[in-house]
Amino acid sequence: MEENMDESQSQKGCKECCERCVGSLPWASLIATILLYMGVALFCGCGHEALSGTITILQNYFEVVRAPGDVLDVFTIIAILKYIIYGLAAGFFVFGVLLLVEGFFTTGAIRDLYGEFKITACGRCLTAFLMVLAYLFFLVWLGVTAFTSLPVFMYYNVWAMCQNASSVEGANLCLDLRQFGAVTISEEKKVCMGSEKFFKMCESNELDLTFHLFVCALAGAGAAVIAMVRTFVLISAWLHVGHLV
């Protein structure tokens, strides 16, 4: 009888401990951080590979070569974009850690542990700084989303031309890189429908894979925008609670 009572008390103690641990987790901050990490990872990974695929397409089918010296050409711009992707990945990893730390220190369990919860002037300044960062990063990701939609639109047009190549047979349609600003006006780098290069490009895996990678990168940027909106709302709530208490 005593053994059964001890076992039930032990189970009750484990249950209370688990409930306390689960209750101490900042679920709202955790969800926002996971969504942010997923969006950033999807954008950075797919965007990086899509840029590499773009280089392959330009070299293999449009015969674009690197400019000698330090001339700013399309390959240099793509290299700069890759470095920007590296910076975004590192920066938002640190921001996600800061968001989680702030979320842990504003949970109800922490307030119960340390008694009456009051935000100090330093704490308010730090939270306000995070809120400003969240708003600025929200604007950044809006711009990134708009910028990522451009290659998606371009590749969709190329993909649509490949899909409808048989129905518009005989039409003199060409893909001219000068229209996209990829080369200078003096350079004539184009691929026309009906040519061998056009059919090779349409049948290659690079075009289809690069197009879908850009679509995934756009989806990742959209997820990051949603995560930043959620983060901004959370930080605003933390400031509001701190002023009320």
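Helices (H or I, at least four residues) and strands (E, at least two) are DSSP runs, numbered from the N terminus. The model is a predicted one, in which local features need pLDDT of at least 70 and side-chain atom pairs count only at pLDDT 80 or more, while totals for chains, interfaces and linings use all residues. Residues are numbered from 1 along each chain as its sequence is written, and side-chain values use heavy atoms, with hydrogens and water left out.

A pocket, on a 1 Å grid over the protein atoms alone, is an open set of points where a 1.4 Å probe fits, with protein on both sides within 12 Å along at least five of seven lines, and its lining residues have an atom within 4 Å of a point. The largest pocket holds about 1000 Å³ of space, a volume being the space filled by probe spheres set on the points, which are joined across faces, edges and corners. Of the 40 residues that line the largest pocket, Thr54, Val74, Ile78, Leu81 and Ala182 are the closest to its centre. Helices H2 (27-61), H3 (74-104), H5 (121-163) and H7 (205-244) each supply at least two residues of this lining, and the largest share, 8 residues, comes from H5.

Helix H3 can also be followed on its own. Its 31 residues should span 45 Å at 1.5 Å a residue, and its end C-alpha atoms are 45 Å apart, which agrees; the expected span is 1.5 Å times one less than the number of residues. Among the buried residues of H3 are Val74, Ile78, Phe92 and Phe95, where buried means under 20% relative accessible area, exposed over 50% and partly exposed in between (1.4 Å probe, protein chains only).

Turning to the cysteines, a search of the whole structure finds 2 disulfides, each a pair of cysteine sulfur atoms within 2.5 Å. Cysteine 162 and cysteine 202 form one of them, with their sulfur atoms 2.0 Å apart, and this pair links distant parts of the chain, cysteine 162 lying in helix H5 and cysteine 202 in helix H6 (residues 196-203), 40 residues apart. Cysteine 162 is buried, because its relative accessible area is 14%, whereas cysteine 202, at 23% relative accessibility, counts as partly exposed. Another disulfide joins cysteine 174 to cysteine 192, S to S 1.9 Å. Cysteine 46 is buried at 13% relative accessibility, and its sulfur is 4.6 Å from the closest cysteine sulfur, in cysteine 216, which is too far for a bond.
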